[in-house]
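User: I have a structure here that I have not looked at before. Can you walk me through it?

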Amino acid sequence: MKTVFAVTCVALLAIAAFPRTTTAQNLVVTNARILDGKGGVIDRGSVVVRDGKIVSVSSGAATNVDGAQTIDAQGRTLMPGFIDAHRHIAQGDPAEWLAKRAAPQMQEFLDAGFTTVLCAICPDEALELRQRVEAGAVKGPRLFLGSIIPLARTGPPAGGRGGAPPAGGGRGGDPARFDNSRPPLRPTVAAGAIPAAETIKAVEAVASKKYDYIKTVITTTPGGPETDTLKLIVSEGKKRNLPTITHAVSVIDTLAAVEARPDVLVHTPHIGRLEEDANAVKTIAGADIPMTSTLAVFVPHFGADNAPLFRDAMPFPWETISSAGQGPVNARLLWEAGISYGYGTDTSWPPKESLADELRALRLVFSPRDISKILGQGAARSTLKQDQIGTLEAGKFADMVLIDGNPLIDINDVLNVAVTIKGGRIVSDTRKK
């Protein structure tokens, strides 16, 4: 009983510490270079916020702002708050993560400019964290959460290599190190089917827990059940207003996913050469399904000692390095064909480091103006929340970042976040007082 009482007291004190995060805010930001997240630029402009939402974005000084808090941007760049549309947030034991690491991690996101994070594979403890953020007990970005449902039996069928990595995910524990979407590891026989009733029950379980998305992973097997199961999940999810996010990392699997019409595609296909398959480009882009970037998974992350690391913090697997080039090439071809393309990392590195890594990959084929759109409206579409976030325009949440520098000249300036604003409230401020 003493433990329960102590935990309750801590929770109540935490709520009291951040009561203002749940209330509305009036604000005006003036004297800013505005990048609206859609490709538009205002060299010297203002944004007016009432009740936590944007009411106007205009050139020159703002008017009719009596009683509002004012921020003089002093020529800094104002952009939509950053969105990581595919991210891992919980590592290790989920209960320990929630108790000890989740709150400081959420502040890290805010300090790096992230006002929205989509975690597509989350433990139930992330639901509790989302509730705490929404209640104001923890200061953090908007959290959107997903839970995974399998498309086929995970064990290999008799007589050949099956459709799943071994327990633990292969070397280093990261399934991307043992990716059976990548030849020569692709399955050679059909995976086992999951009964429809079992799949429907899984969808119901995800919906009952109030997750925001269903996450699926597709690696097709010859004559296997993956596409049909995905179609069923998509259909059952729609009945419950539960969108489906599908992980597809090869061209062949992306085409199979498109046939099932999920709501979002993750990741950029980095296995298979789209420059050799114009029909595949047309089919994938023509499906009008948003795609999340996650290019940096196969770009080495360099630690303090200059060691090249994979996302599991272990030595980089150089046998995967072709994806570091093929992913950006395929991304640009799909972009040229009209796909909606949004920022996401699929990593566990600190958010500012993940942003730096993803920018390295994006810069290979995208201009600073392109990347500003990928960070803005593209990422919002990859969360399916584009009516609420991702651009600076009237009616959207006032989620914004002030940047020291001009990202249209050097996109790496987005790493220089001075102020983060969520719902019209300053949640991080590194300016010198």
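**A loop residue to start with**

Analyst: Ala313 sits in the loop between strand S14 (308-309) and helix H8 (322-336). Helices (H or I, at least four residues) and strands (E, at least two) are DSSP runs, numbered from the N terminus. This is a predicted model, in which local features need pLDDT of at least 70, side-chain atom pairs count only at pLDDT 80 or more, and totals for chains, interfaces and linings use all residues. Residues are numbered from 1 along each chain as its sequence is written, and side-chain values use heavy atoms, with hydrogens and water left out.

User: What is the phi of Ala313 near?

Analyst: Phi of Ala313 is near 70 degrees, a positive value in a residue other than glycine. Most residues other than glycine have a negative phi. Ala313 is partly exposed, with a relative accessible area of 46%. Buried means under 20% relative accessible area, exposed over 50%, and partly exposed in between (1.4 Å probe, protein chains only).

User: And Asn31, which strand is that in?

Analyst: Asn31 belongs to strand S1 (residues 27-35). Asn31 also has a positive phi, of about 60 degrees, although it is not a glycine. Its relative accessibility is 26%, so Asn31 counts as partly exposed.

User: Next topic. How many helices and strands are in the protein?

Analyst: The protein has 10 helices and 18 strands. Of its 433 residues, 52% count as buried.

User: Which residues have the most contacts inside the largest nonpolar core?

Analyst: They are Phe82, Leu129, Tyr341 and Leu355, in a core of 74 residues. A nonpolar core is a set of buried Ala, Val, Leu, Ile, Met, Phe, Trp, Tyr and Cys residues joined through side-chain atoms within 4.5 Å. Apart from that core lies another, of 17 residues, including Ile34 and Leu392.

User: What is Leu355 in contact with?

Analyst: Leaving aside neighbours within four places in sequence, Leu355 is in contact with Phe82, Phe114, Tyr343, Leu375, Val414 and Leu415. Contact means heavy atoms within 4.5 Å.

User: What order do the strands of the open sheet have?

Analyst: The open sheet of eight strands runs S6-S7-S8-S9-S10-S11-S12-S15, with parallel pairing. Its edge strands, S6 (82-84) and S15 (341-342), each pair on one side only. Two strands pair if DSSP finds at least two bridges between them. Within the sheet, three bridges join S8 (residues 142-148) to S9 (residues 213-217), and Ile148 stands opposite Lys215 in S9.

User: In which sense do S2 and S3 pair, parallel or antiparallel?

Analyst: S2 (residues 41-50) and S3 (residues 53-59) are antiparallel, over six bridges. Val48 stands opposite Ser56 in S3. Two residues lie between the strands of this hairpin, where Asp51 takes a positive phi near 55 degrees.
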